[in-house]
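Here's a quick walk through the ligand site and the sheet of this protein. Have the structure open as you read.

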Amino acid sequence: MTEEQVAMIVEEALLHLRIDGWYVVDGVIPENEVGAIRDSVEATVQAHGGFTGVKGVGTRKGLLAFNQSFTPYLADERVLGVAQALLGPHVRISFTTAHINYPGNVRGPWHADWPFNQKNAGHIPAPYPDVVMHLTTLWMLSPFTRETGGTLVVPGSHRSPNNPSGFAGIDPNKPYPTEMQAAGSAGSVLILDSRTWHATAPNQTEQPRVGMAVRYAPWWLNLDILMPGSVERARMVDETGGNENEVLPVPRDVYAALPEAVKPLFRHWVKRCQ
Ligand SMILES: O=C(O)CCC(=O)C(=O)O
């Protein structure tokens, strides 16, 4: 892909993120490589994962500590180009999380992601300002379709100062009239402004729908509450009984083996004493 082609895709993505709050970049992981990554992530969830609050959805938070099969693609110029354009040159990855919709999983509630999810101990209280502060990317390791459970989204909802995890005046568990389902072939990446209302969709097929959430934060967004053992986490989660995501630190040997272009995205999260 030429520089001009990359620039055109980034520009188109930025336009759609501004207006709709979401965009799909096609073919980030080549077709002939995505199957092996899917199998590997699925095996990691089987061996080290658990389930989310949505029935039938498997997960492994802090995926990078367990699985590095996807790391070469994190430097994709289109995805990284969008992240840098919106969050600056010193953008960082805040989460890597596997999401598997097993056959027959139920529909999940509408929400916006951390730090806009009002149920998290660390959140920006609604009404929050109309600023892009965090990006969620959902990597389609198997095809995302209406049948497999492509992510449900409400276009334009990122401009709302609240979301259904707080009270936005709508029932988080009911279909929304203008909802759409993000679709793409295996290897594509759905980029969402993390404020965009989205929900897990049911997988009506016999095969697991394997996805991976990779989230991006600007240097100025405090991520410490996500780090096990941090002072922020002790104060805001452990001592209050609050509900919060946990992102395991990146082990030193995992960091050392990352592609050079990917290292800056994880440098802030490397395990310090080992
Ligand atoms: O896996 C999906 O389709 C949705 C995942 C989701 O809701 C999230 O990452 O917050």
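Threonine 151 puts a polar side-chain atom 2.7 Å from an oxygen atom of the ligand. Keep in mind that this is a predicted model.

| Residue | Distance from a polar side-chain atom to a ligand oxygen atom |
|---|---|
| Threonine 151 | 2.7 Å |

How much of the ligand's accessible area does the protein cover? On its own the ligand has 300 Å², and the protein covers 95% of that. The residues around the ligand also include His111, Asp113, Leu138, His198, Thr200 and Arg215.

Now for the sheet. Seven strands make up an open, antiparallel sheet, and going across you meet S1, S8, S5, S10, S4, S3 and S2 in that order. Strands S1 (22–25) and S2 (50–51) sit at the edges, so to speak, each pairing on one side only. S1 runs antiparallel to S8 (residues 189–193), and four bridges join the two. Look there for tyrosine 23, which stands opposite isoleucine 191 in S8.

Two helices pack on this sheet. Helix H2 (residues 31–48) touches S3 (57–60), S4 (92–101), S5 (135–140) and S10 (209–217), with its direction at about 90° to that of S3. Helix H3 (residues 77–87) touches S1, S5, S8 and S10, and its direction makes about 170° with that of S5.

How values were computed. Residues numbered from 1 in each chain as written. Predicted model: local features only at pLDDT ≥ 70, side-chain atom pairs only at ≥ 80, totals over all residues. Heavy atoms only, no water. Pairing = 2+ DSSP bridges. Contact = heavy atoms within 4.5 Å. Axes fitted to C-alpha atoms, helices over the stretch in contact; angles between N-to-C directions. Near = heavy atom within 4 Å. Polar contact = N/O pair within 3.5 Å; in protein donor to acceptor, adjacent residues only side chain to side chain. Areas by Shrake-Rupley, 256 points an atom, 1.4 Å probe, with all protein chains shown as cover.
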